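Keep the structure open beside you as you read.

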Amino acid sequence: MSPDAPDSPDAPDDLAGVAPSTHPVGSDVPSGAGLRALTRRARKGHGGAPWYKIFGDLYTYVFTAAIAIVVAVQGARLLGGGINTDATSQHAALVDPVWLVLVAALAVVGPTLALLVRLGPVAVGSAGALWWLPTPADRASLLRPTALGWLGLGAGVGGLVGVLIGLVGEPAELPWLALAGVGIGVALVGATILAQTSNASPVRQARHSRLVARFGDALPAVAVLAWLGLALTDPAAPALHPAIVAIPAGVLAVVALVGVLLRVGAIPGAVLRTRGARIGEATTAVLTMDLRALGRALTDAGADVRRRSSSLVTARGRMTAMMTADALLLARSPGRITNILAATVLPVAVAAAGASPIVTALTLVVGGSLTATALGAGARAGEHAPALDRVLGMSARATRGARVLLAAIVAAVWAAVVLGVLAVLLAGGFGISWLALALAVAPGLAGTGIITAYRRTPDWSKPLVITPQGAYPPDLFSAVALGPALALVTVLPAAVALVVGPAVVLVQIQVVLSAILVLVALHVRGVQKPGQPSGLMARAQAQAEQQQAKQPPRR
């Protein structure tokens with residue numbers, strides 16, 4: 001397929017679902033850059049906002065970014081100090097900063113790679129697929145600005161990560177670490193763009209992308225396991241200067257940049273449209289503040305996956321069938337399994353590295369939040385597409401009860417392992433009080449995952465709240481607070497027990513909190529019978545009935 005002629009007869013994938021070009025033969029056709037300029041002028045003509053408004057938006061973005069950088073820098077210094085300077089814990093093994101830099105880089109590269117592969121990165125939305133791809137404009141000049149934008153974003157994010165990692169180590173190595181981060185970011189983005197130019201079939205390319213995304217999802221867990229192994233064995237760190245990494249990373253970045261500029265026009269139209277639909281879904285979720293939709297857009301495989309059939313021997317009734325379905329969904333989601341594994345090892349690795357009990361308690365809260373999110377996968381799938389709920393004919397309360405029970409069983413195993421190891425490292429032994437605390441926190445984590453999965457999305461039909469950052473629905477903060485904030489409340493007694501010990505009053509508080517969260521998770525507003533409409537359909541039907549009741553009867 002020639003990149004200069006996307007509507008040629010031997011390129012049918014670029015014309016599927018779009019209208020043919022209306023340019024007459026022999027007429028002057030603008031280049032890809034000219035077509036972008038024409039689109040940009042049309043967008044400016046319909047925008048309605050004066051050009052100087054950009055300064056206000058730029059000030060807001062820069063100010064917000066500066067605050068975020070300051071908070072991240074202070075957090076990195078706090079974490080570095082807690083890991084490297086605390087000597088009060090019983091386990092005095094310290095992790096060398098060189099190992100810490102390598103582990104942190106591995107933990108950042110994985111999610112970045114998975115995100116890039118799932119989003120494209122080079123893609124064309126529905127409007128571009130309709131108006132750009134059918135034209136005989138130069139495909140390379142049409143896509144080159146998008147590719148350069150992603151490369152610049154990779155360089156910026158990589159440089160920022162390098163600076164943050166350098167703040168934990170030696171100040172003299174900070175410029176080299178920043179340069180290494182820029183090079184690795186550009187090389188990573190460039191490799192994913194070049195992978196889009198493959199001549200493989202769309203099915204094979206989707207399979208390869210899915211494998212790479214899963215590999216990226218697994219890297220944080222590998223990084224945490226490596227951190228734990230380093231903390232326990234305490235090997236000597238290699239005497240490597242960051243320049244040894246920065247120089248090859250810079251060379252790879254230059255090679256990737258040249259390769260992208262030469263090969264970006266060879267990306268098939270089907271790949272551009274598929275990735276563009278994923279970016280459009282994620283953008284819509286961000287604009288509407290729908291975190292569940294954003295999670296689906298960034299973690300969904302994007303294609304049907306054929307799996308071996310299961311015998312479903314554990315499904316002996318409606319309740320066990322629901323639990324079996326959620327268990328299969330969790331077992332067949334490598335990303336969620338990786339999150340639970342990382343949540344299990346992260347507090348243990350921090351404690352084994354010689355961190356203070358306060359820092360260990362903070363990582364326990366992070367691990368609890370990751371575990372609760374992973375355990376709510378079945379509830380989120382049921383909230384999005386309640387096909388199984390309708391087929392089984394269970395009430396909403398019974399459905400939530402089955403999901404809470406399964407999540408509580410998994411959470412009990414997680415809490416027993418994590419608190420057991422932490423009790424040995426920090427308190428010198430694991431007793432009955434620690435076991436009672438682990439069993440008490442498990443229902444709370446299960447209830448947190450179910451509450452977060454079934455939380456209401458922000459209602460944009462209500463009067464909006466005007467803020468300097470824009471207009472938001474009034475229930476936005478309550479929807480966001482049901483995530484990490486609720487997990488913090490759930491794990492707080494167990495986190496305090498790591499600092500002061502497993503007192504009986506903490507166990508009692510944990511039992512009360514877990515009971516309240518389970519009751520809230522089982523509570524359903526306006527319980528409906530199976531088969532009746534729910535959600536947006538129910539509200540639309542109720543509004544239609546109200547309007548019909550207000551109308552006078554016909555004579």
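**How the helices meet**

In α9, Arg278, Glu281, Ala282, Ala285 and Val286 meet Ala293, Leu294, Ala297 and Leu298 in α10, where contact means heavy atoms within 4.5 Å. By class, this contact of α9 with α10 has 7 nonpolar, no polar and 2 charged residues. Here Ala, Val, Leu, Ile, Met, Phe, Trp, Tyr, Cys and Pro count as nonpolar, Asp, Glu, Lys and Arg as charged, and the others, Gly among them, as polar.

Before going on, note that this is a predicted model, in which local features need pLDDT of at least 70 and side-chain atom pairs count only at pLDDT 80 or more, while totals for chains, interfaces and linings use all residues. Residues are numbered from 1 along each chain as its sequence is written, and side-chain values use heavy atoms, with hydrogens and water left out.

Helices here are DSSP runs (H or I, at least four residues), numbered from the N terminus. Helix α9 covers residues 269-287 and helix α10 residues 291-299; they pack at an angle of about 160 degrees, with axes 8 Å apart. Axes are lines fitted to C-alpha atoms over the stretch in contact, and angles run from 0 to 180 degrees between N-to-C directions. The two helices are therefore roughly antiparallel, a term for angles over 145 degrees, whereas those under 35 count as roughly parallel. α9 passes α10 in a left-handed crossing, with the near helix turned anticlockwise from the far one by less than a right angle.

Next, look at helix α6 (residues 174-196) and helix α8 (residues 243-263), which pack at about 30 degrees with their axes 7 Å apart. That angle makes α6 roughly parallel to α8. Their contact includes Trp176, Leu179 and Gly183 of α6 and Ala243, Gly250 and Arg263 of α8. It has 17 nonpolar, 4 polar and 1 charged residues. The crossing is left-handed.

Helix α17 (residues 432-453) and helix α20 (residues 504-522) pack at about 25 degrees, with their axes 8 Å apart. This makes α17 roughly parallel to α20. Among the contact residues are Ser433, Pro443 and Ile451 of α17 and Leu506, Gln510 and Ala521 of α20. The class count is 14 nonpolar, 6 polar and no charged residues.

Finally, turn to the rings. Arginine 400 lies over the face of tyrosine 454, at 4.2 Å from the ring centre; the criterion is NZ of Lys or CZ of Arg within 6 Å of the ring centre and within 35 degrees of the ring normal.

Terms used: Parallel < 35°, antiparallel > 145°, perpendicular 65-115°, else oblique.
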